[in-house]
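Hello,

Here is the structure I promised to pass on. Please open it first, then read the notes below.

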Amino acid sequence: MSARKLVVALGACAVLAVVAGCGGSAPMGAAGAAGQRDQGPVKIGALHPVSGSNAVDGLQMRRGAQLAVDAINAAGGIKSLGGRKVELVTGDTQGKADIGQSEAQRVISAGVVGLVGTYQSAVSTNVSVVAERNRVPFVMDVTASDTIFAHGYRYVFRVQPGSKVIATAAAQYLKQVSEQSGKPVHKVAFLHEQSDFGSGAADAFDAAARQLGIALGPNISYDAASVSDLTAQITQVKASGADVLAIAGYYRDSLLAAKAIASVKPDLAAVWGVSNGAYDQPKFVSDAGQLGELYFNTNYHYDATNPATTALREQYQRSFGDPMRTGAVLAYDAVQVIAQAVEQAGSTDPEQVRDAIAAAHVAPLTVGKGPIEFAGNGDNSNAAPVLMQVQAGQVKQVYPPEKAESRPEYQVTWRP
């Protein structure tokens, strides 16, 4: 073993020690779980926050995962296993890392062949440890943090583009769109929630923006779980003279920022979401009121140019009376990845399923450069971010041109 591989292995061992000693044997209860996989429906675990501050997104994602299961069963189940049906085994992480960890262990003990989840990077970090220890594949639907991939895990995969990819694209798109409008960006302030998700987005955006010659500051963080008002932070942005405010946050806190912006009225050309959990959501438009074209977001997104995606979102609307968010589409994609791997492997053995996931070629319903394919570290090689904007009360894909529904409108109609 090379020195580099030894370091990676030892690093992974240290992380896995959080759950149990790092060794060659599987954890207790593995035999019982294996027995459950060999009979009855093929079980896939879905871990999302269906209670707590992110429950709306979590419930959306659980429903998206269930729609994928329903589609697989309607098409005849897992054909290579004689048409065995698929069953979703759900867990509520409550948006808490420790709860996510215990729920992952519970669901794995129920005999799942793989896990999808979890919406929050801190939760996915703990679930990754449990999945790796139990040798059960974990396909992350929504998890922005890149630090999970520093441990050399074999059983952890991600469908969405990571924080660095999104944040780098966000800086590039800002420079390109602002220059094309004839009003080049001057200075960017960054507001972000303080966990790995928000801090990672801010750091990656900072690095990319500096390389592009964009001035930066201030960088302001907050606790997404406890914040109730962001007026003071937006007042600080106003005083800084920044003409663009970049924001990385979840739905509730990003909506608080929008309300503070409406109140403080900083002189901004744009509010530039970076992996933002609100500014590409139809609900945000109604919750935040009349905003003009101020709000952009660079993020993963359902592919509005794909007829299959449109059909799925129409089905979701009919079934649940609510627009289907991108997180739910990613959960759908993640379940399809695991189910197709079981089909390809012709087995419910997690090791064989893991190998089939590593070799996957799955057509996504989200924006990408091609099929879902995983690099050696488990990241989706073809995941791609897209720029969206609130236009005439609707969220539209506006950049890059090959994925655009309409052209970006930068500093056109909004004034403080």
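Lys175 is partly exposed, because its relative accessible area is 24%. Keep in mind that this is a predicted model. Glu179 is also partly exposed, at 42% relative accessible area. Lys175 and Glu179 form a salt bridge, with their closest N and O atoms 2.9 Å apart. Both residues sit in helix α6 (residues 163–180). They are 4 residues apart there, about one turn of the helix.

Now look at Arg158 and Asp379. These two form a salt bridge as well, and the closest N and O atoms are 2.9 Å apart. Which parts does this pair tie together? Arg158 lies in strand β5 (residues 156–158), and Asp379 lies in the loop between α13 (350–358) and β11 (386–391), so the bridge links parts that are 221 residues apart in sequence. Are the two partners buried or exposed? Arg158 has 0% relative accessibility, so it counts as buried. Asp379 has 17% relative accessibility and also counts as buried, because the cut-off is under 20%.

A further salt bridge joins the side chains of Lys403 and Asp303, at 3.1 Å from N to O. Lys403 is in the segment after β12 (394–399), and Asp303 is in the loop between β10 (295–299) and α11 (307–320), so this pair ties together parts that are 100 residues apart in sequence. Asp303 is buried, with a relative accessible area of 7%. There is also a network: Arg154, Glu351, Arg354 and Asp355 are joined by salt bridges that share partners. The whole structure has 11 salt bridges. As background, side chains of opposite charge can pair when their charged atoms come close.

**The overall build**

The protein has 416 residues, and 55% of them are buried. Its secondary structure comes to 13 helices and 12 strands. Take the contacts with a separation of 6 or more: residues 24 or more positions apart account for 68% of them. The protein exposes about 16,000 Å². Carbon and sulfur atoms supply 52% of that area.

**The cores**

In soluble globular proteins, nonpolar side chains tend to be buried together. Here, the largest nonpolar core has 82 residues. Which residues have the most contacts inside it? They are Val139, Leu191, Leu245, Tyr279, Phe284, Tyr295 and Ile357. Helix α12 (residues 326–345) gives the most to this core, with 12 residues.

Leaving out residues up to four places away in sequence, Leu245 touches Ala189, Phe190, Leu191, Ile234, Val237, Ile261, Leu268, Ala270, Val271 and Trp272.

**The largest pocket**

The largest pocket has a volume of about 340 Å³. How many residues line it? The lining has 22 residues. Asn54, Gly95, Gln120, Ala225 and Tyr250 lie nearest the centre of the pocket. Two elements, α5 (121–134) and α9 (251–264), are those that give two or more residues to the lining. Helix α5 gives the most, with 3 residues.

Best wishes

Key:
Residues numbered from 1 in each chain as written. Predicted model: local features only at pLDDT ≥ 70, side-chain atom pairs only at ≥ 80, totals over all residues. Heavy atoms only, no water. Core = buried A, V, L, I, M, F, W, Y, C linked by side-chain atoms within 4.5 Å. Buried < 20%, exposed > 50% of the residue type's maximum accessible area, 1.4 Å probe, protein only. Contact = heavy atoms within 4.5 Å. Areas by Shrake-Rupley, 256 points an atom, 1.4 Å probe, with all protein chains shown as cover. Salt bridge = Lys/Arg side-chain N within 4 Å of Asp/Glu carboxyl O. 1 Å grid on protein atoms, 1.4 Å probe; cavity = no way out; pocket = protein on both sides within 12 Å on 5 of 7 lines; lining within 4 Å. Points joined across faces, edges and corners; volume = space filled by probe spheres on them.
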